[in-house]
Each structure stands twice: as structure tokens, then as C-alpha cells.
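Reader: I would like to learn how to read aromatic rings in a protein model. Could you take me through the general idea and then through the case shown here?

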Amino acid sequence: MYFPVAGVEADPFLLALLGFLLGILGGFFGIGGAFVATPALNLLGFPMPAAIGTNMAHVMGKGIMATLTHWRLRQVDLRAAFWLLLGTAPGVEAGAKLVFYLEGLGQVDSTVRWVYALTLGGIGWFMLREYREFLRRPHRGEIPFPPLAHRFRLGPYVSLPASGISSISVWLLLLTGFGTGFLAGFLGVGGGFIRVPAMIYLLGMPAPVAVGTDLLEIVFSGAYGTVVYALRGKVDLLAALILVAGAVVGTQIGAYATLFARYRLRLYLALTILATALAVILAEAGLERLSLAVLFLSTALMCLAITWVLATGMKKRRQQLATGERRKSN
């Protein structure tokens with residue numbers, strides 16, 4: 001199938017499969033899977049600006065579905081999303097302007113790839129380190145690295161009851177929104193691969209609530225980014241629709257798996273981020289086919305692990321319900 005905006009031939013089945021896998025990741029991690037989608041589209045032949053713009057449209061559409069699912073699970077903090085969003089919009093605008101500036105210099109592809117690799121590698125390493133510290137602790141319920149919210153005391157302050165936070169600086173929320181918005185506009189992502197860790201480690205939000213809140217944020221940042229890139233003719237709506245169609249089922253699987261993942265969610269996210277960083281480095285080294293294979297294989301394996309978490313969790317819940325029913329009857 002020919003995609004006129006991107007100017008490439010691409011297999012629609014492969015795009016739909018990519019959307020399905022990203023739907024599972026997005027529903028589970030709250031990151032839209034966009035940090036995988038942009039390099040994947042680029043490896044499939046989409047020029048980097050078109051890959052970024054098309055992916056912004058994709059994460060917006062998928063974010064709507066995933067947010068509704070997490071809303072039903074009561075995993076969305078509306079107040080936190082509001083303050084984060086105020087910082088996100090100008091961040092997206094700044095990131096997009098930098099992309100167009102680099103495009104004019106003919107340096108956008110290589111620059112975006114290296115920023116991807118360094119950012120993903122740093123976040124993935126930090127999360128693995130945090131998970132290792134967690135396993136070493138005798139009381140596994142604490143966050144080994146105290147949230148920055150406890151030390152950032154610059155008023156005014158707001159409370160986030162849905163996240164169990166009694167007081168937090170408005171400025172910290174705005175700065176988090178701006179920083180993640182900038183990455184969203186520059187890398188063509190929803191910003192969730194850094195926003196979710198930021199909400200957990202900087203703001204101190206529970207992981208499931210951070211996931212649901214970020215998906216709501218992705219809807220707005222994706223919509224804003226889509227408009228910015230569409231005005232430059234860098235959004236292929238047909239490709240975005242195929243990706244969203246593939247994500248319809250995958251999003252439900254990922255979202256419900258968060259009910260059973262608990263702390264392992266952080267380990268899975270770290271491994272996925274590091275695998276994507278490796279794929280981007282391979283692409284920059286000229287090994288595009290190997291990079292694409294690593295990207296799809298690691299994504300597929302993680303989706304299988306998430307599906308297994310959901311299946312085993314539902315099985316245990318059914319066994320618990322059956323045990324409870326037998327006790328009542330006795």
C-alpha cells in the first residue's frame with residue numbers, strides 16, 4: 001500500500017500488527033508505545049518528520065481508548081493531569097520547532113536517533129537499578145528513591161487525592177509537563193516513556209494511577225502535536241488509522257494486565273525501553289534490518305509476557321472466587 005504523505009510503500013498488515021503490539025504496551029505501561037512506533041515507522045521507510053507526525057496522530061487515537069479503560073478501573077488523576085497539561089502544550093511546541101529547524105539543516109534523522117538512544121538508555125538503566133534496590137529491601141513496599149515532591153517546596157501547592165498526595169508544588173507539576181511535552185514534540189511520542197517514570201519517582205504517584213493519568217495526558221499532547229505536524233504536511237492519516245485499528249484489542253489486554261502486574265510493571269518497562277534503545281543504536285550504525293528485527297522481537301516478547309500476566313492473574317482470581325464460594329456453601 002502506498003502512503004502519499006510519507007511517500008513510501010508499506011505493508012498495511014505489518015502496520016496493523018505493530019499497532020496491536022503497541023496497544024498492549026500502551027495499555028500496560030501508559031506510554032502509548034510511541035517510543036517504539038516512531039523508530040519502527042522510520043525503519044519501515046517513513047522519513048523521520050513524517051514518522052513523528054503520523055505517530056502523534058496514532059497515540060492520540062489510541063490514548064482515547066486506553067484512557068476510557070483506565071477510567072473504569074479508577075486509575076486516572078484528573079487534577080494531576082490538568083496541571084501537567086498546562087506545561088505540556090508549550091513543551092510540545094518547543095520540541096516540534098527544534099525538529100523543523102534540524103530538518104532545515106539536514107540533521108534531523110541522526111540527531112533524533114541519538115537523543116532517543118541516550119534518553120531511553122538512561123531511563124532504562126535507572127529503572128533497572130531501582131528495581132534491583134527494591135528486591136534487596138526486606139520491606140518491599142517502599143520506593144527506594146524518595147520522590148522529589150518531598151523536597152521541592154516552592155509554592156503554591158495543590159493536593160492530589162486520587163494519587164494519595166496531600167501537598168505538592170504546582171511548579172513541579174508544570175516543569176514535569178513541560179519537560180515531557182518537549183520530548184513529545186521532539187521525538188514524536190506521547191512523552192509517556194519519561195512521564196510515567198517522572199510521575200512515579202519525582203511526584204510519588206502510585207504506578208497504576210501514573211499509567212492511567214499519563215494516557216489522559218497523551219490524548220491532549222498527541223492532539224496538539226498532530227495539529228502542529230499536520231500544518232506542515234507531516235501526518236499520514238491512513239497509516240495512523242491502520243495503527244489505531246490494530247491497537248483496539250491490544251489496549252484492552254494491556255490495561256487489564258495492570259491489575260495483576262504490581263511492581264513488575266517497572267521491570268517490564270525498563271527492559272522494553274533498553275531494547276528500543278539498542279534498536280535505535282543499530283539503526284544509526286546502518287544495521288536497519290537487524291534493528292527492525294530487534295525492535296519487533298523485543299516488543300512481541302514483552303507483549304507475550306504482559307498477556308501471560310493477565311492470563312495467570314485472571315486464573316488466580318477465579319480460583320480465589322471459587323474457594324470463597326465453597327467456604328460460603330460450607
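This is a predicted model: local features need pLDDT of at least 70, side-chain atom pairs count only at pLDDT 80 or more; totals for chains, interfaces and linings use all residues.

Reader: How many aromatic pairs does the structure hold?

Author: The structure holds two aromatic pairs. In one of them, the ring centres of Phe-82 and Trp-83 are 5.3 Å apart and the planes meet at 75°, so this pair is edge-to-face, because planes over 60 degrees apart are given that name.

Reader: What kind of pair do Phe-100 and Tyr-229 form?

Author: Phe-100 and Tyr-229 form a tilted pair, with 5.2 Å from centre to centre and 55° between the planes. Phe-100 belongs to helix 4 (residues 78–105) and Tyr-229 to helix 8 (residues 207–230), so the pair ties together parts that are 129 residues apart in sequence.

Reader: Which charged end sits over the ring of Phe-100?

Author: That is the charged end of Arg-232, which lies 4.1 Å from the centre of the Phe-100 ring.

Reader: Where is Tyr-101 found, and what patch is Tyr-101 part of?

Author: Tyr-101 is found in helix 4 and is exposed, with a relative accessible area of 54%. Together with Leu-98 and Leu-105, Tyr-101 makes a nonpolar surface patch of about 300 Å².

Methods
Residues are numbered from 1 along each chain as its sequence is written. Side-chain values use heavy atoms; hydrogens and water are left out. Rings of Phe, Tyr and Trp (its six-membered ring) pair if their centres lie within 6.5 Å; planes under 30 degrees apart count as stacked, over 60 as edge-to-face and the rest as tilted. Helices (H or I, at least four residues) and strands (E, at least two) are DSSP runs, numbered from the N terminus. A charge sits over a ring if NZ of Lys or CZ of Arg is within 6 Å of the ring centre and within 35 degrees of the ring normal. Patches are made of residues with over 30% relative accessible area and no salt bridge: like charges are joined within 9 Å, nonpolar side chains (Val, Leu, Ile, Met, Phe, Trp, Tyr) within 5 Å. Accessible areas come from the Shrake-Rupley method with a 1.4 Å probe; for residues, only the protein chains shown count as cover. A salt bridge is a side-chain nitrogen of Lys or Arg within 4 Å of a carboxyl oxygen of Asp or Glu. Buried means under 20% relative accessible area, exposed over 50%, partly exposed in between (1.4 Å probe, protein chains only).
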